[in-house]
Amino acid sequence: MRRLLALLPMAVLAACGKADGRTELVIQRFFGACQAEFGALTDPAKADGECGIITAMINQFEADNPDIRVVENTVFWPGYDQLTAQLAANGPPDLVTMHSSAIPDYEARGLLEPLDAELAAVGISPDQFTAAARAGVTVDGRTMGLPIDVWAPLWHVNMNLFRKAGLVADGKPVLPTSPEEFYAQARQFQQRTGKPYFIQVTSKDFAGPMRIFYAWMMQQGAPLFTDARHSSFDSPEGRRALEFMKELYQRGYSAKSLDYAGAVSTFLKGEGGILVDGTWMVGQFDSASRDEKSPLYRGYAVRPFPFLFHGRRVSLVDGHNWVMPRDRSRTAAQREAARRFLGYFAANDFQWARTGHFPAYRAVVESAAWQQLPHRGDIAEITQLGEPLPKYVRRQSPIEFIVGEEAAAAYTGAKPVERALADMQRRANDILQSF
């Protein structure tokens, strides 16, 4: 009932707008709500952060297209429960923000429209996308969404503490290239600063442990999934990755008992050397480095995950995209409005990339404007090395929760590594084989 009630405000808004003669385009997005600060802004260049920039972009689109009324439905991240309810009620939005990792679930059930024809109508070709962005929206040769970015977990570095620890050379952070170097540098850092070397999410939110585990497995050249119905976490590579995660935690090199908000706050307060977090934080941390009152003042750097395991040079990535849920009642005018909206976002990908996410388009990645943004040169290699999970892997979200939960149980000592890996694989396979 609560899900159905949540649809009423949007339905009322849609009904109220038809009298003015404009075509209504109903979009649904996450990235937060910030109308008080950015609700009247129509210049994305004057906005910052995910919420501010997407709000200004949508405002600008509507201002430039006075014949279209955008009905905007902002949902709590990630919004898929609400979308599922809308699809069940035969009342989906016209366009929805969706992670690349979620597309296979909805595509396999026939709930999304391929967008090849729609994109071609506004001059967009998949050839324009970066390799990672294209992989994120392509299923069986069909383009199932318009990519707006590629994102990756990164190492955010407190350079002020790294200088104190003697881990800076030529103005750049000295990062480990093996587990042994990690231990040695972490010990040196903590001896000289009195603070933990590593800040990671260790409580409540299991996305962080999952991403770290996946990264260390992928670097060893190990497949995370052997096919659409089988994971391969319980392997020599999985044990090596999880043993390393456990060892760095048990030796005291990691901050402990932190949820996501706590980890970010700890880093901003200057209470640790490295924070594992995503591309979306680059803008906020860079702003802090320009604030004289911040512990990060003139002391922030960001890097891809170091290659501690030398099987492959690869980085785990995901992405945000606009997808079009199937709706037989969608009119030709609404479809045309959706095309124009997608065309606008493709043309303005640089503005969105100011969040810190990687551009979805090769031309933007290669542009001087993007390359001159702060820190982009230090992480740009991910545009070449980034790989999403295979599109045949369905139910990625619940599997990611399982992987993170079991990994955290192992490295905090709640479970032996061998049991955690066995349970991780068994639980993941149960999901993969349930449809």
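Which residues form one aromatic cluster with W155? In this predicted model, the cluster consists of W155, F162, F182, Y183, F189, Y197, F198, W216, F244, F305 and F309.

The setting is a protein chain with 21 helices and 17 strands. A compact globule of 435 residues would have a radius of gyration near 22 Å, and the chain agrees because its own value is 22 Å. Its C-alpha trace spans about 70 × 50 × 40 Å along the principal axes. Of the 435 residues, 57% are buried. Among contacts between residues at least 6 apart in sequence, 73% join residues at least 24 apart. The accessible surface is about 18000 Å², and carbon and sulfur atoms account for 50% of that area. The chain carries 47 positive and 49 negative charges, whose mean positions lie 3 Å apart.

The structure holds 34 aromatic pairs. One of them joins F182 and F244, edge-to-face, with 5.2 Å from centre to centre and 80 degrees between the planes. F182 belongs to helix α9 (residues 179-193) and F244 to helix α11 (residues 236-250), so this pair ties together parts 62 residues apart in sequence. Both F182 and F244 are buried.

F213 and F233 also form an edge-to-face pair, because their planes stand at 65 degrees with the ring centres 6.2 Å apart. F213 lies in helix α10 (residues 207-219), whereas F233 lies in the loop between β12 (230-231) and α11, 20 residues apart. F213 counts as buried because its relative accessibility is 0%, and F233 counts as buried at 0% as well.

Elsewhere, helix α4 (residues 80-88) has Y80, L83, A85, Q86 and L87 as its buried residues. After α4 comes N90, with a positive phi near 55 degrees.

Note on methods: Residues are numbered from 1 along each chain as its sequence is written. This is a predicted model: local features need pLDDT of at least 70, side-chain atom pairs count only at pLDDT 80 or more; totals for chains, interfaces and linings use all residues. Side-chain values use heavy atoms; hydrogens and water are left out. Helices (H or I, at least four residues) and strands (E, at least two) are DSSP runs, numbered from the N terminus. The radius of gyration is taken over C-alpha atoms; the globule rule is 2.2 Å times the number of residues to the power 0.38. Buried means under 20% relative accessible area, exposed over 50%, partly exposed in between (1.4 Å probe, protein chains only). Contact means heavy atoms within 4.5 Å. Accessible areas come from the Shrake-Rupley method with a 1.4 Å probe; for residues, only the protein chains shown count as cover. Lys and Arg count as positive and Asp and Glu as negative; His and the chain ends are not counted. The place of a charge is taken as NZ of Lys, CZ of Arg, CG of Asp or CD of Glu. Rings of Phe, Tyr and Trp (its six-membered ring) pair if their centres lie within 6.5 Å; planes under 30 degrees apart count as stacked, over 60 as edge-to-face and the rest as tilted.
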